[in-house]
Amino acid sequence: MNEATVTPGKLWGVGLGPGDPELVTVKAARVIDAADVIAFHSARHGRSISRGIAQPYMREGQLEEHLVYPVTTETTDHPGGYQGAIDEFYEQAARRLAEHLAAGRSVALLAAGDPLFYSSYMHMHRRLADRFDAEIVPGITSVSAASAALATPLVEGEQVLTVLPATLPTDELTRRLRDADAAAIMKLGRTYPGVRQALSDSGKLDRAYYVERASSTRQRVLRADAVADADVPYFAITLVPGPEPTAPIRTDSPNSAAEQPFSAKSSITGNDRSATTAASDTRAPARLATQSVPPISGSSSTIASTQPPSSGSTPTDIAQPSATPPTDFPPTTTPPQPHSADSAATDSVRHHASPTVPSAQSPSNVTAAQSFSSVSESARSVPHGASNPLVDGVASPTPSASTPPNLRTTAAEQILAEQPRTSGAPTGRVVVVGLGPGDPEWTTAEVRAALAEATDLVGYTTYLNRVPERVGQRRHASDNRVESERAAMALDLAGRGARVAVVSSGDPGVFAMAAAVLEESSDPRWQHVSVQVLPGLTAANAVASRVGAPLGHDYATISLSDRLKPWEVVAQRLSAVAAADMAIAVYNPASSQRTWQVGAMRDLLLEHRKPDTPVVVGRDVGGPTESVRVVALGELDPAEVDMRTLLIIGASTTAMRETEHGPLVYTSRRYGGVRDAATGGA
C-alpha cells in the first residue's frame with residue numbers, strides 16, 4: 001500500500017498593525033484563527049509583543065513556535081560576531097518552521113506592523129518562500145499610526161516621504177533630512193541624541209514631532225525638541241510632516257507618561273505591562289470571519305470548541321513551549337536592524353509552545369515575565385463567574401450571548417488578566433526537578449508526580465521535549481544560556497498562583513537549574529514563593545554505571561565551560577584535583593563554539609597523570625544514540641567530544657580490565673595500601 005502524499009502547509013506572513021488589537025485586519029484575524037501553528041519572535045527575555053497583539057484571535061489547540069533572538073545588541077561571543085549569530089538563528093528558525101510546513105501544517109508567522117516593512121518575517125520569507133507556498137497579509141505600519149496620532153497629513157500632492165532608520169550615522173541622517181519633503185525616523189531608543197542633532201543640523205527640528213508607542217494607551221505625542229533623551233524607548237518614531245498643519249497638533253507634557261493614568265484599553269505595545277484597574281472599555285477586537293477569505297489549506301476548523309477536553313483526550317505530539325506576553329525589547333534597548341521597527345513593536349528567545357487551552361470563561365493570564373495563552377486544566381474547570389487563582393483572583397466577566405464561541409478574550413478581560421499582582425494574590429510554588437540523563441526509566445516517581453501536578457513547565461527546550469504533553473499544561477521553553485531569566489520567570493509565574501516545575505536533566509543541583517532558582521529566589525519579591533528541589537540521577541553516575549565503578553573513591557565534579565567562570569579558574573581547579581589524585585567527572589566538555597578546552601585539559605592533567613590513565617567517554621547515555629568507550633588519557637581526541645559527552649578521568653588507583661562484555665573500570669576503595677578496619681567499615 002502506498003503511503004499518502006502529504007500536501008505541504010502554507011506559510012502566512014501576518015501583519016498585526018502597530019499594537020492595538022482592534023487595528024488587526026479582518027483577514028489577519030481569520031488567518032490567525034485558522035492556522036495550525038502560530039510562530040512569533042522575541043528577545044531572550046521571552047516577552048513577545050506580536051503574540052500579545054494576536055492573542056485575542058488565537059484558538060485553543062494551536063501549536064506555537066517561539067523564535068527567540070540569541071542577541072539584541074552587537075555584543076556576542078559568537079565566532080562569526082553579531083551577524084554570524086543572527087544568520088545562524090535565522091537558519092535554525094527556518095528549519096523549525098520548515099518541519100511544520102513539510103508535515104502539512106499551515107504556519108502563521110506574526111509580524112508587528114507590516115510583514116515586509118522592517119520586519120523579522122522577511123528573513124523567514126527569503127529562506128522558505130522558494131520551497132513552500134507563502135502569502136503576505138499586510139498590516140498597518142507604525143508610520144501610519146504615528147501620523148494618525150498627530151492628526152495632520154503626512155504628505156500631499158507631489159511631496160515625497162522619506163523613511164529613515166535612526167541607526168544611520170548622524171551625518172547621513174542630516175544629509176537625507178535636509179532634502180526631504182517629509183520624513184519618518186524609526187528605531188529611536190538610544191539613538192535619539194543623534195537624531196535630534198540631525199534634525200537640528202538639517203533645519204527640520206522645529207517641524208518635527210515625536211510619537212511614542214503609537215495606538216497604545218501609553219501613546220505620547222511631543223515636539224521633538226521637548227523629549228528627554230533618557231526617556232526614549234525603541235518603540236518611538238519622529239515625524240516631519242510635509243504640509244504645514246492647518247490646526248494645532250495636540251501634544252502631551254514631557255512628563256505625561258508618569259502623570260497620566262492608563263485608560264481602560266490594555267497597553268499592548270508598552271514594555272510596562274501594568275494596566276488600569278478600571279475596565280470600562282469592553283470593546284472586543286471582534287474576530288470577524290468573512291466568506292470572502294478562503295479557508296486556509298490544511299488548517300484546523302476556524303471555530304474551536306471552548307469545552308475542556310475530556311480526560312481521554314490525546315495531547316498533541318509536537319513539542320510546544322508556551323506563550324509569551326507583549327514586548328520584545330526593554331524600552332531603552334536599541335536592537336540592530338533585524339528586529340521590526342515597523343510598529344511600536346519588533347518581532348525578535350526561541351521557546352516552543354504548549355497546547356493553548358483558554359476557556360471562554362477565563363481570560364488569559366499575561367505575566368510580567370511570560371504571557372499565558374492558556375489556563376491550566378484546573379483553571380478551566382472554574383465555574384463561570386468564580387474567582388480564578390491563575391488570573392490573580394480576578395473573576396472573569398460574563399460573556400454575552402452574542403459573543404462568538406471562539407472569541408475567548410475581550411479587551412476588558414485582557415485588562416483584568418494583565419493587572420499586576422498585588423500582595424493579596426495567590427501564591428503558587430516552584431519545584432525544581434531532575435529528569436535523570438536520557439532514559440525515561442531513570443526519572444523518579446517523585447519527579448513524575450511533580451510534573452503531573454504542575455500547571456506550568458519551565459526549562460531548556462531539549463529537556464522539556466522529554467516530558468510528555470499534558471492537556472492544559474503550559475510550557476515555557478528557552479535557550480540553554482538564560483538560566484537567570486528562566487528562574488525569574490518561574491518565580492513570577494508561581495507568585496501569580498501557578499504550580500511551576502522547572503525541568504533539568506540529570507540532577508537539578510549539579511550544573512543545572514536549582515542553584516539559579518534559589519539564587520533568584522533570594523530577591524525580596526519572591527520571599528513568599530515556596531521553592532523545592534527534587535533530586536535526579538546524575539549524568540556522572542549514569543556514565544559510571546555503564547563501565548563499573550570509576551567513581552568508587554573520592555572524586556570531583558568539574559564543568560569545563562568557561563561561560564560562567566573564567567578559564568583560569570577552571571584550569572586552577574583541574575590542577576588542584578589532579579594533584580590531589582582524585583577521579584574527575586567532567587561536565588560540559590565542549591560545544592559547537594567551544595572546542596579547544598578538552599585538549600587544554602588533557603595536557604594539563606598529563607602533568608599529574610600517566611598517559612595510560614583510563615578515561616571513560618560517555619555520550620548520550622540513556623538516550624537513543626548512547627555510546628561509551630574507554631580510552632587512555634594520552635590518546636583522548638578532542639574531536640570526539642561534544643556537549644552531550646561526559647568524561648570520567650581516572651585516578652592513580654583506577655583500573656581497567658577487558659571482559660567478554662566490554663571493559664570494566666573501577667577506582668579502588670583502598671588507597672596507599674590501607675586495608676579495611678577490623679569492623680569492615682565502609
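In this predicted model, the buried residues of helix 13 pack against strand 11 (429-434), strand 12 (456-460), strand 13 (474-478), strand 14 (499-504), helix 14 (513-521) and strand 15 (530-534). Helix 13 itself, residues 483-495, reaches 18 Å from its first C-alpha to its last, close to the 18 Å expected at 1.5 Å a residue. It is mostly covered, with 10 of its 13 residues buried, and the buried residues include Arg 486 and Asp 492 as well as Met 489, Leu 491 and Leu 493. After helix 13 comes Gly 497, whose phi is positive, near 110°.

The largest nonpolar core comprises 24 residues, and Leu 560, Leu 574, Met 601, Leu 636, Leu 647 and Ile 649 are those with the most contacts inside it. Among the elements that give two or more residues to this core are strand 17 (555-559), helix 16 (567-579) and helix 17 (597-605), and helix 16 provides the largest share, six residues. Leaving aside neighbours within four places in sequence, Leu 574 is in contact with Ile 558, Leu 560, Trp 567, Met 601, Leu 604 and Leu 605.

The structure also holds nine aromatic pairs. In one of them, the rings of Tyr 69 and Phe 89 have centres 4.6 Å apart and planes at 45°, so the pair is tilted. Because Tyr 69 lies in the loop between strand 3 (63-68) and helix 3 (81-102), while Phe 89 lies in helix 3, the pair ties together parts that are 20 residues apart in sequence. Both Tyr 69 and Phe 89 are buried, and ring pairs link these two residues and Tyr 90 into a cluster.

Conventions
Residues are numbered from 1 along each chain as its sequence is written. This is a predicted model: local features need pLDDT of at least 70, side-chain atom pairs count only at pLDDT 80 or more; totals for chains, interfaces and linings use all residues. Side-chain values use heavy atoms; hydrogens and water are left out. A nonpolar core is a set of buried Ala, Val, Leu, Ile, Met, Phe, Trp, Tyr and Cys residues joined through side-chain atoms within 4.5 Å. Buried means under 20% relative accessible area, exposed over 50%, partly exposed in between (1.4 Å probe, protein chains only). Helices (H or I, at least four residues) and strands (E, at least two) are DSSP runs, numbered from the N terminus. Contact means heavy atoms within 4.5 Å. The expected span of a helix is 1.5 Å times one less than its number of residues. Rings of Phe, Tyr and Trp (its six-membered ring) pair if their centres lie within 6.5 Å; planes under 30 degrees apart count as stacked, over 60 as edge-to-face and the rest as tilted.
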